[in-house]
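Me: Can you take me through the aromatic contacts in this one? Here it is.

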Amino acid sequence: MEGKFDGVWRESPWFLTTPPKPRSDAPARARVSRLIDEAVAEVPLVLVLAPPGYGKTGALAAWALTRLEATAWLTLTRSLMDPRGLVGGILSALTRGDRSPGAATARAGVSALLGRDADPLRAADLLLTFLAERDRDAPALTLVIDDAHLIADPASVEILEHLTRHGTEAGLTLVLAGQGGLERLLSRARAYGRSRTLGAEDLSMRAPEIAQSAQHAGLGITEAEAAGIQVRTQGWPIAVHLELIGRHTAGERVSLAATEPVLTDYVTGLILGSVRPELAEFMLRVTTCDRVSARLAEELSGRADSATLLAECERAGLFLTRFVDGENSVYRWHDVFARHCRIALRRDHPALAVTLDSIAARELATDYPIEASGHALRAGQPETAVEILRSSWLRLVLESGAETLRERCVTLPDAWPDDPEILLMRACALDALGDPPGAASLAARAQARHLRDRAAGEETRVLAALILASEWGELAAAADRMRELIESGIRLHTPYAYLLFVLGLAETRLRRNPAETMRLLRAAAGEARASGLTELTRWALINLRFACVYGGQFRAADALAEEITAHVRDHHGADEPRPADAPGGNHPTLAFERDEPGHPHVDGGIDRFATGFTHFWRGDRAETRRAFETVIIRDTSATSFAGVARVLLAVLAAETPDPAAWTRARRTLTAVAPRESYGVPWPLYRDLGEAVLAFAAGDRTAALERLASLDGREDVPMCQALAAEVYRRAGEPERALGALALIGPDNRGSYLRVSALVTSALILAARDDHAGAHDRLERALDAAVPQGIRRPFLAEDPDLLGLLEAHGRWGSAHEGFLASLDTHPRGITAPGTTLSAREREILGFLRTTLTAEEIARELHVSVNTVRTHQRAIYRKLGVTTRRDAVRLRDLTNRG
């Protein structure tokens, strides 16, 4: 069990799952809407393909916002191109607007699966399952994916093919909009005749549409003039729009040139030259960024009325699209228009262009570091770009941006990509992307170079070690050094919440101080909540819950489970709206094992594992199997929580008399890692599983040989506690006590303490030290009862059953708990009769001194229910009094 960092699905920003609002002056393109309607009604996949400027987004948005049928929307970005980003974006779009608690819980559950599932078809199936189960009465749904041409990853294409082929069964139709090439990627769906394509010809404006647009713009043109515009522009909507604006402002016909330099002049001379100078200057400055808020526009333009000017540009159709969510607005410039504005600015005012890119880098650095670093590079300031990455790389790796971080690092100029600090960032990104060998290679290269900035580089070096360290000692040294850096008071670049979180994860992997681990993760959750980092808050709480479970604080873990559920319900698993290239979306993290979040495996099943681990020690075998089998199914990594789940399932199998179960468990143990990894001695866990199965099969010698690998190991306390149980039953009490002595005081979680005390009590009882045995057993009950730990008392072991019976007579402060153990699951009956599970439970209570009222309180039932079962017990056993029922029970048990 080790702690690695992985990516997990995160909700996409609202403005990527909302259709852009059509301009008030934009005419409805009824012909195009009719074509889309016809295509959607006929096939499960509709492709809307055309070069930039053909109005794909506007036409689809107008169609989506006016149709009565359910329509979801997703605008892709370069950060949503990979399978995880694509699936996460689709899930966000499908659940957009559904804020019911049930939907939030379902979305959180499915998102956890999607975040760690490396198989694209499995991910697509999970989406279809979510759709099919979201509401039995829900209508069919159409999903529009805009800018779909950004998809290039074969696995992402496979997901779309799969959704197309099987989406009809779940009521899903896909509409993909993008530039050319998308049709070739989706050739299989098209080959089966299950798609329809609307191309540039369909989207090109006809003369009547041009005339209608002119009327909306307040221009009166003849049919001949509209036809002339159509010929000159070939119906290219952006060119038509440019010419109409030129006619509106200059009163003359303007031709659209095909070359970029001329188009730049066209944009600046005709478009910007046609508006009042202050608005033109505003647009030239604010197009520095493709996407702007009113506040960012104010910083770029220096104008306090930026919000008003943005609204004016949007109303006038000046290449600006507005995305609205309540009172929040984000504006996006048309790509072609903004690009040519930037070209013109750098050509005509190079110093101003540098200044504006510097402002953009500063303003975007906190929330959008990749975009900000791009502006810094455009300004010719690679040092600033590196400083931005230095402050944000850990967030990107942990949450969603490993791929964008890697791309930015390798595109830095000059020798920067081989700078040791950048190499470490690249290594952690590769590790998150599921390439540990590549990560190790880059880390080795970094170690061979001297850090350019020792102070900042030391922070990066230690953080990278916390992520990449594979040996326990190396990880421990990195954790100790990070604690020193935090406590030194020097300024660190990484936000405090992330430092605490990563340090807490490292301590979880180290397993050396559960109390300190819980303190760090609780502090990380509090700091993240105070900083508004809702996704980090959720993952800190989830890892804290695991730390509580592993530390034996089951009641605290129960409370945390409720806190996590409330957090998901309140925040829907998302931070404030941010683009997919911003930190926060793809890497939950593991805590105890290689939980490759953001990497291929997301959380490695940490939350589900914590649930199964709790059930294991509380003695609920069915729920343990259900939880652990889910963890194993959803995780293919040999060095993850699934490895521990396999070992504990082997322990459960060994407790049954079923040889077939032993064989299945032994087979699943082969998937446990054969060597130590990320500080976790996996071979020892595997040896424990093999040992308990060998002992169950009657091979005492093989069991003891396997357990020999644990000799002297203090870093696997749970294995030592379970090994001690086998040693005692194998007639090796001294070796059992030796194993228990290796469980250090800081690792004596309640379940380990209970197991150790029960084992030592049985050893003392075998030595006829009955007072000592009962004292140990009572102390075990003292520790077990508050946390609901039952497993150490449930073994089908005659020695244990006899000790528990004797302890009831000896006297205990936990009579109710002892009675509820139901240590004779087959029940004790008179010939030909059978007691129900509840009757056996109540019969156990009858041998205590508890009254019927007290028994009712223990079982949370009414006194009448207890007395009804009591009468049934007497009738079945053929007795008339409580004393006779207990006497018959004792006689039968001894027999």
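The chat below covers ring pairs, charges over rings and the overall fold.

Reply: First, this is a predicted model, where local features need pLDDT of at least 70, side-chain atom pairs count only at pLDDT 80 or more, and totals for chains, interfaces and linings use all residues. Residues are numbered from 1 along each chain as its sequence is written, and side-chain values use heavy atoms, leaving out hydrogens and water.

Me: How many aromatic pairs in the whole structure?
Reply: The search finds 15. Rings of Phe, Tyr and Trp (its six-membered ring) pair if their centres lie within 6.5 Å; planes under 30 degrees apart are stacked, over 60 edge-to-face, the rest tilted.

Me: What is the geometry of F546 and F641?
Reply: Edge-to-face, with 5.2 Å centre to centre and 65° between the planes. F546 is in helix 28 (residues 534-550) and F641 in helix 32 (residues 641-654), so the pair ties together parts 95 residues apart in sequence. Helices here are DSSP runs (H or I, at least four residues), numbered from the N terminus.

Me: Are those two buried or exposed?
Reply: Both F546 and F641 are buried, meaning under 20% relative accessible area with a 1.4 Å probe, protein chains only.

Me: Which rings are in the cluster?
Reply: Ring pairs link F546, Y550, F554, F609, F613, F616, W617, F628, F641 and Y751.

Me: What lies over the face of W617?
Reply: R791, at 5.3 Å from the ring centre. The test is NZ of Lys or CZ of Arg within 6 Å of the ring centre and within 35 degrees of the ring normal.

Me: Switching topic, how much of the chain is buried?
Reply: Buried residues make up 58% of the 895.

Conventions
Helix = DSSP H or I, 4+ residues; strand = E, 2+ residues; numbered from the N terminus. Buried < 20%, exposed > 50% of the residue type's maximum accessible area, 1.4 Å probe, protein only.
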